[in-house]
Amino acid sequence: MSKANWNSRTRHDLIIEVWEYLDCESVGARELEQIQQALQTKFGAGAMESPAAIARAVADEGAVLRHPEVFDCDVQWRQQKIEKTSFGDELDFRDLSSAFESVVKVEEKRLQRQTDKVTGAKELREVVSAARADCLLKASSKILDQQQREQAIEISEWLRIWLQAPELFSDWLDLRRRAPDYREKFPEDKLG
């Protein structure tokens with residue numbers, strides 16, 4: 001979509017303006033995503049409307065909805081939103097204590113997905129991979145002190161093991177945290 005300067009001052013008006021600009025009689029996933037993109041560009045991420053809400057607004061103005069596409073688009077959008085807000089934002093790998101709490105959450109999510117046959121194992125691995133990459137960057141940082149870099153190295157190792165063998169991870173982490181070299185290096189990490 002090429003138009004960048006939208007005239008609308010409200011979300012509802014922008015939804016209609018973009019729909020009219022698209023010049024389409026029927027609305028499906030592609031059109032809904034373009035309208036969402038325009039909303040985010042003009043008003044920011046906080047102004048995002050669900051695909052279902054956008055579809056209702058344009059239907060009230062006379063658009064014909066491609067209902068299966070609208071439904072699928074809305075379901076996918078809500079699932080992504082739930083994933084981001086209920087899981088990814090809760091993870092914190094800045095130090096050993098918060099990292100331990102976060103890997104417990106990762107394990108709970110992995111086990112839930114395994115038991116419930118919920119899709120999203122790939123997304124969970126992506127979250128863990130991104131966290132590990134962040135830890136590796138911290139480990140090589142010249143800005144952080146030596147203790148913070150050592151913790152980042154340790155946490156990246158935890159995440160590497162999780163990525164390689166998630167089914168063995170809990171037992172491995174318990175043994176690792178009890179190892180004499182670990183206890184000597186990180187005496188502040190209290191086994192709970």
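Keep in mind that this is a predicted model.

Find Leu14. Setting aside neighbours within four places in sequence, Leu14 touches Trp6, Ser8, Ala38, Leu39, Lys42 and Phe43. Is Leu14 buried or exposed? Its relative accessible area is 0%, so Leu14 is buried. Now look across to Ala38. Leu14 and Ala38 are 24 residues apart along the chain, yet 7.9 Å separates their C-alpha atoms.

Leu14 belongs to helix α1. That helix has 12 residues. From first C-alpha to last, α1 reaches 16 Å, close to the 16 Å expected at 1.5 Å a residue. Which residues of α1 are buried? They are Leu14, Ile15, Ile16, Glu17, Val18 and Trp19. One backbone detail before we move on. Just after α1, Asp23 has a positive phi of about 55°.

Now the first helix pair. α1 covers residues 11-22 and α2 covers residues 29-43. They pack at an angle of about 130°, with axes 10 Å apart. The crossing of α1 past α2 is right-handed. Who makes the contact? On the α1 side, Arg11, Leu14, Ile15, Val18, Trp19 and Leu22. On the α2 side, Glu31, Gln34, Ile35, Ala38, Leu39, Lys42 and Phe43. By class, that contact holds 9 nonpolar residues, 1 polar and 3 charged.

On to a second pair, further along the chain. Helix α7 spans residues 146-164, and helix α8 spans residues 166-178. Their axes come within 7 Å and cross at roughly 150°. That angle makes α7 roughly antiparallel to α8. From α7, the contact uses Glu154, Glu157, Trp158, Ile161, Trp162, Leu163 and Gln164. From α8, the partners are Pro166, Phe169, Trp172, Leu173, Arg176 and Arg177. The class count for α7 with α8 is 8 nonpolar, 1 polar and 4 charged.

To recap the two pairs. α7 and α8 are roughly antiparallel. And Leu14, where we began, sits buried in its helix.

Key:
Residues are numbered from 1 along each chain as its sequence is written. This is a predicted model: local features need pLDDT of at least 70, side-chain atom pairs count only at pLDDT 80 or more; totals for chains, interfaces and linings use all residues. Side-chain values use heavy atoms; hydrogens and water are left out. Axes are lines fitted to C-alpha atoms, for helices over the stretch in contact, and angles run from 0 to 180 degrees between N-to-C directions. Helices (H or I, at least four residues) and strands (E, at least two) are DSSP runs, numbered from the N terminus. A crossing is left-handed if the near helix is turned anticlockwise from the far one by less than a right angle, and right-handed if clockwise. Contact means heavy atoms within 4.5 Å. Ala, Val, Leu, Ile, Met, Phe, Trp, Tyr, Cys and Pro count as nonpolar, Asp, Glu, Lys and Arg as charged, and the others, Gly among them, as polar. The expected span of a helix is 1.5 Å times one less than its number of residues. Buried means under 20% relative accessible area, exposed over 50%, partly exposed in between (1.4 Å probe, protein chains only). Angles under 35 degrees count as roughly parallel, over 145 as roughly antiparallel, 65 to 115 as roughly perpendicular and the rest as oblique.
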